[in-house]
Amino acid sequence: MVSEADKRSWQKLARERYPRALIFHDGRLALRPTPKESIAMFMWLPYAIILAVIRISLALSLPFTISTPFLVFSGIRLTTTASSAPTGSHNIKQNKGNVGNLYVCNHRTLLDPLYISFSLQNNLTAVTYSLSRMSEILAPIKTVRLTRKRDEDAEMMKRLLGQGDLVVCPEGTTCREPYLLRFSPLFSEMCDEIVPVAVDTHVSMFHGTTAGGLKCLDPFFFLMNPAPVYTVRLLNHVFTNSQLLSSHTSNTSVLDHQTSRFHVANRVQTQIGTALGFECTKLTRKDKYLMLAGNEGIVNSNTKCISKSNS
């Protein structure tokens, strides 16, 4: 089909010249499998497995202040910046009603809440839309699974906020490319003040995400990279009228209520996208898994690792 002369002239196509935008893709390899890079990967693989086990052990067994220097020495890089809010959660202004801070971030890997905790040097509670049982067991911070029933999830998140700081990834799934998926507006009703967090990662060999593989191995693959990089940026706070958003009054129509909820969610998405230089989309978790795995990406509660649909 292709002549040898054409093959010799092939080059890696620049992203801006793609026929269609590349938003979703799967597979563990983050490198081009050229002979040179493939040999380097296979030579690194035995050391990568040992290093990932050591990194996970350090994160699980030691406090933040002790484990952080060891993890940095192992090659992990974490950069934390703040636009206006200080990096210590104890200095951030508390919401009304004596509740904790609500951190809303984009979703790059399952380790996002953990790295935000490391950045703040504070134990947070992470709420997730879907998580394998193995990941829940190994998580060094408290994780709570949402039921996807709006009223029940809202009540649960409000209760957790009353107990301390909370982090949520409203995209509902990870996205490797420089795009943001649609933000679920549920978080906009939880409190009067939201702390947007822009998160980005860089890996050189293995992707720490998958749509059709074993979800419980995602953190393991991320930590198998020689020098994985995480960037956490705390952005300007977004203020909301949570009482107006969480209840209907005689002066507020249902349409106004829905518009306000989505307006807050879109504002947070836009702020994070601008900080990262990412493009905002209306694509959802369901779109991603239907394209890549042929299911809706719901983890069956009876399985430990496999991301499959209940149907």
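The legends below describe an overview and several close-up views of a predicted model.

**Figure 1. Overview of the predicted chain.** Residues are numbered from 1 along each chain as its sequence is written, and side-chain values use heavy atoms, with hydrogens and water left out. Because this is a predicted model, local features need pLDDT of at least 70 and side-chain atom pairs count only at pLDDT 80 or more, whereas totals for chains, interfaces and linings use all residues. The chain contains 10 helices and 10 strands (DSSP runs numbered from the N terminus; helices are H or I with at least four residues, strands are E with at least two). Of the 311 residues in the chain, 46% are buried (buried, under 20% relative accessible area; exposed, over 50%; partly exposed, in between; 1.4 Å probe, protein chains only). The chain exposes about 16100 Å², of which carbon and sulfur atoms supply 58% (accessible areas by the Shrake-Rupley method with a 1.4 Å probe; for residues, only the protein chains shown count as cover). Among contacts between residues at least 6 apart in sequence, 74% join residues at least 24 apart (contact, heavy atoms within 4.5 Å).

**Figure 2. The salt bridges of D218.** Eight salt bridges are found in a search of the whole structure (a side-chain nitrogen of Lys or Arg within 4 Å of a carboxyl oxygen of Asp or Glu). One of them joins the side chains of R28 and D218, with an N to O distance of 2.9 Å. This pair links distant parts of the chain, 190 residues apart: R28 belongs to the loop between helix 1 (4-8) and helix 2 (35-61), and D218 to helix 7 (residues 218-223). R28 counts as buried at 17% relative accessibility, and D218 is buried with a relative accessible area of 2%. D218 also meets the side chain of K215 in a salt bridge, at 3.4 Å from N to O. K215 and D218 are both buried.

**Figure 3. The salt bridge between R108 and D200.** The closest N and O atoms of R108 and D200 lie 3.4 Å apart in this salt bridge. R108 sits in the loop between strand 2 (102-105) and helix 4 (112-120), while D200 is part of strand 7 (residues 193-202), so the pair ties together parts that are 92 residues apart in sequence. R108 is buried, with a relative accessible area of 8%, whereas D200 counts as partly exposed at 22% relative accessibility.

**Figure 4. The surroundings of H207.** H207 is located in the loop between strand 7 and helix 7 and counts as buried at 16% relative accessibility. Apart from neighbours within four places in sequence, H207 is in contact with H25, G27, R28, L29, A30, R176 and F221. The C-alpha atoms of H207 and D26 are separated by 8.9 Å, although these residues are 181 apart along the chain.

Figure 5. S188 occupies the loop between strand 6 (179-180) and strand 7, where S188 counts as buried at 0% relative accessibility. The side chain of S188 reaches the backbone oxygen of P185 at 2.6 Å. S74 is placed in the loop between helix 3 (64-73) and strand 1 (77-82) and counts as buried at 18% relative accessibility. When residues up to four places away in sequence are not counted, S74 touches L51, R55 and P226.

**Figure 6. The buried side of helix 10.** R285, K288 and Y289 are the buried residues of helix 10 (residues 285-292). They cover an arc of only 85° around the axis and therefore lie on the same side of helix 10 (the arc is that of the directions from the helix axis to the C-beta atoms). G294, which follows helix 10, has a positive phi near 75°.

**Figure 7. Confidence along the chain.** The mean pLDDT of the chain is 83, and 83% of its residues reach 70 or more (pLDDT, the predictor's confidence in each residue, from 0 to 100). Confidence is highest in strand 6, at a mean of 96, and lowest in helix 8 (residues 242-246), at 52. Over residues 248-252 pLDDT stays under 50, and the model has four contacts beyond four places in sequence for this stretch. Over residues 301-311 pLDDT likewise stays under 50, with 31 such contacts in the model. Where pLDDT is low, the predicted coordinates should not be read in detail.

Conventions
Polar contact = N/O pair within 3.5 Å; in protein donor to acceptor, adjacent residues only side chain to side chain.
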